[in-house]
Every structure is written in structure tokens, then in C-alpha cells.
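This briefing gathers local features by topic, for reading alongside the sequence and the coordinates.

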Amino acid sequence: MTERRYTAFSDELRHIFGCRVQRISIDAGFTCPNRDGAVGTGGCIFCGGKGSGSFGIRPELSVARQLAHGKEFLARRYGAARFLAYFQAYSNTYAPVERLRSLYDEALSVPDVAGLIVGTRPDCLPPEVLDLLAGYARRTYFWLELGLQSPLDRTLALINRGHDFAAFADAVARSREWGIRVCAHVILGLPGESREEMLATAEILNGLGVEGVKLHQLHVMKGTALEEMYLRGEVRCLERDAYVDIVCDFLERLDPRIVIHRLVGDAPADHLVAPDWSLRKGEVLDAVDAELTRRGTRQGSVMRDRGRMV
């Protein structure tokens, strides 16, 4: 097995649990303040009618049944023995605390579910929710996944996030005060962002002290505002080799203590508009490994330390 040149989430899971662990995505019936009128009604430009990245989930099933269905499939396909309940679709802290507790407890009651990942927005973390999440962080394996996408306020406005970078930085700081590990979600290749701005995001995340990062290429899904922009020629997607190059540059600048939860996103073929290389996730991961090996670098190789490169 080739040595990994970055701090992989899968390696952390195997180290902690001693077996293959897989995430099971859940749609627990949440919505989003950027859809229900609290912040906006259109949602982010990349988000479709099922929530960003939540395809293949069966929302008509209870949380427990979604997990049971996912366990059967993942055990058969990957030989997974333990599982993480991943509350993925929409904003999974956007509800009263008692409802959240009931849903999270239901997930943890399923046999072989070893922990929780809760995805949400920076503006959906009032103190009572952070108190609840901190309790789970103390008693089970737990990650809070926060959507950043970009630290540039002009980009956040363009993609209709409904919050600014300051809201994200504040959410990270408050979460860490409660002892909650934060994984930041970042999209590379957003419209109008230069290579230098994308790479500067790594240094910003280092400074915030996040414990995890999920990288995602900008891809265009059917039925989104982004699709309309793409068809009008207002948006272009990165070519595969350009994306691989930027990912490697990003990793070289990222603190090696930060766990890499994902390096490339995937999408079902019947929902994807572009780029077509998003359908070949394994090839992209292999290309990242090969490029880091060719360079002789790894995560943190050129990380800034007190203003100088090391």
C-alpha cells in the first residue's frame, strides 16, 4: 500500500476503530434558512432540490431505516463493519433542540453506528444547539461539518450563501470553545476566484484552527441556478488536471494536523451537467497521489510558519 501524503479521514477511522468505517448519508427532513425565507428563498446556486450532495438518500424512510438500508449496502460493497450517521441534507441543526436530540439519539441507537457527523451552516448554531452537540462530542465519535465554500465575501454573495466569512469564523471559534471538532467544506473553482485566492484559503483555515477539511470541485447539477449560469456561459469548470494541481498546492499549504475528509466530490450521472470527469472520482484521487509523489511533497510541505515558508 502506497504511503499517503496527506492526513486521510479513512486512516483516522481505521486507527480509532480498527476496521473499515463508512459514512451513511441521512436526510432527516430538515430545510435551510436560505430556502424557507429566514435568510433567503433561492438557496445556494449549486444546491438542488434535495440539498447539496444528498443524492441517493431515501428521505421517505425514518433515520433508523435509512441507516439500516445504508449498512446493508456498504457492508456488502466495502466490507464495512462500523458506520457513522452523516446528517447531510440541508441544515441539520436547524430545528428545536428536542427534535435534534431525538433524531441524533435514534441514529446512535442503530447497531454498529459508532458516531455522528452533522452538516450545517454557520448561522444555525445558537448556544443551546452547541451545548447539545458538545454533549455528543463528549460521549461518541463526532464531527461538526460547516459549509464555508469560500472565505471571500464577494464569492459568498455571488453564490447566494446568505452569510459572510465573519459568520463562519465566529461559528468555528464558538464550536471550538465547546470542544467540538469542525470540518470546513470548501469548493475550489468558484467563479471569479484566482488560483492565489483559492490557495490562500488553506492558510486561512490554518489560522482558524479547524480540525478537518472537505474539498470539492465546482460541479454543475441539473435544476440549479448554477446550471442556468453555466448554460449562459457565465461559469466554467476546472479541467481535471488543473483541479489536481490546485488540490496538491492546497494540501502543501495546509497544516498536516488537519484531517482531510474528502479531496473530490462525486455526483450521479443523471444529475451531473459538468464537468464529466466528476464521474471518475477514483481516477482523480489516484492523480492527486501521483502528483504529490512526483513532487516529493505532502500536506504541510510549504505551510507558512510565522510569515515564512517552511
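In this predicted model, H163 touches R121, P122, D123, G147 and L156, when residues up to four places away in sequence are not counted.

**The loop between helix 5 and helix 6**

- H163 is placed in the loop that runs between helix 5 (153-158) and helix 6 (165-177), and with a relative accessibility of 10% this residue counts as buried, because the cut-off for buried is under 20% relative accessible area.
- The side chain of H163 is joined to the side chain of R161 by a polar contact of 3.2 Å.

**The surroundings of Q299**

- Q299 is found in the loop between helix 10 (281-295) and strand 10 (304-305), where it is buried, with a relative accessible area of 5%.
- The side chain of Q299 reaches two backbone oxygens, that of D255 at 2.8 Å and that of I258 at 2.9 Å.
- Once neighbours within four places in sequence are left aside, Q299 is in contact with R5, Y6 and T7, with L251, L254, D255 and P256, and with I258 and I260.

**Packing of helix 7 and helix 9**

- Helix 7 (residues 195-208) and helix 9 (residues 240-253) pack with their axes 9 Å apart and at an angle of about 30°, which makes helix 7 roughly parallel to helix 9, because angles under 35 degrees count as roughly parallel.
- The crossing in which helix 7 passes helix 9 is right-handed.
- On the side of helix 7 the contact is made by R195, M198, L199, T201, A202, E203, L205 and N206, while helix 9 contributes D245, I246, D249, F250 and R253.
- Sorted by class, this contact of helix 7 with helix 9 has six nonpolar, two polar and five charged residues.

**Backbone geometry in two further loops**

- A274 and P275 are joined by a cis peptide bond, for which omega is about -5°, and P275 itself is placed in the loop between strand 9 (272-274) and helix 10.
- Y90 has a phi near 60°, which is a positive value in a residue other than glycine, and Y90 lies in the loop between strand 2 (82-87) and helix 3 (97-108).
- With a relative accessible area of 18%, Y90 is buried, because this class takes in values under 20%.

**E98 in helix 3**

- E98 lies in helix 3 and, at 55% relative accessibility, counts as exposed, because the cut-off for exposed is over 50%.
- A polar contact of 2.4 Å is made between the side chain of E98 and the side chain of R101.
- E98 and L132 are 34 residues apart in sequence, and their C-alpha atoms are 9.4 Å apart in space.

Terms used: Residues are numbered from 1 along each chain as its sequence is written. This is a predicted model: local features need pLDDT of at least 70, side-chain atom pairs count only at pLDDT 80 or more; totals for chains, interfaces and linings use all residues. Side-chain values use heavy atoms; hydrogens and water are left out. Helices (H or I, at least four residues) and strands (E, at least two) are DSSP runs, numbered from the N terminus. Buried means under 20% relative accessible area, exposed over 50%, partly exposed in between (1.4 Å probe, protein chains only). A polar contact is a pair of N or O atoms within 3.5 Å; within protein, one must be able to donate a hydrogen and the other to accept it, and residues adjacent in sequence count only if both atoms are side-chain atoms. Contact means heavy atoms within 4.5 Å. Axes are lines fitted to C-alpha atoms, for helices over the stretch in contact, and angles run from 0 to 180 degrees between N-to-C directions. Angles under 35 degrees count as roughly parallel, over 145 as roughly antiparallel, 65 to 115 as roughly perpendicular and the rest as oblique. A crossing is left-handed if the near helix is turned anticlockwise from the far one by less than a right angle, and right-handed if clockwise. Ala, Val, Leu, Ile, Met, Phe, Trp, Tyr, Cys and Pro count as nonpolar, Asp, Glu, Lys and Arg as charged, and the others, Gly among them, as polar.
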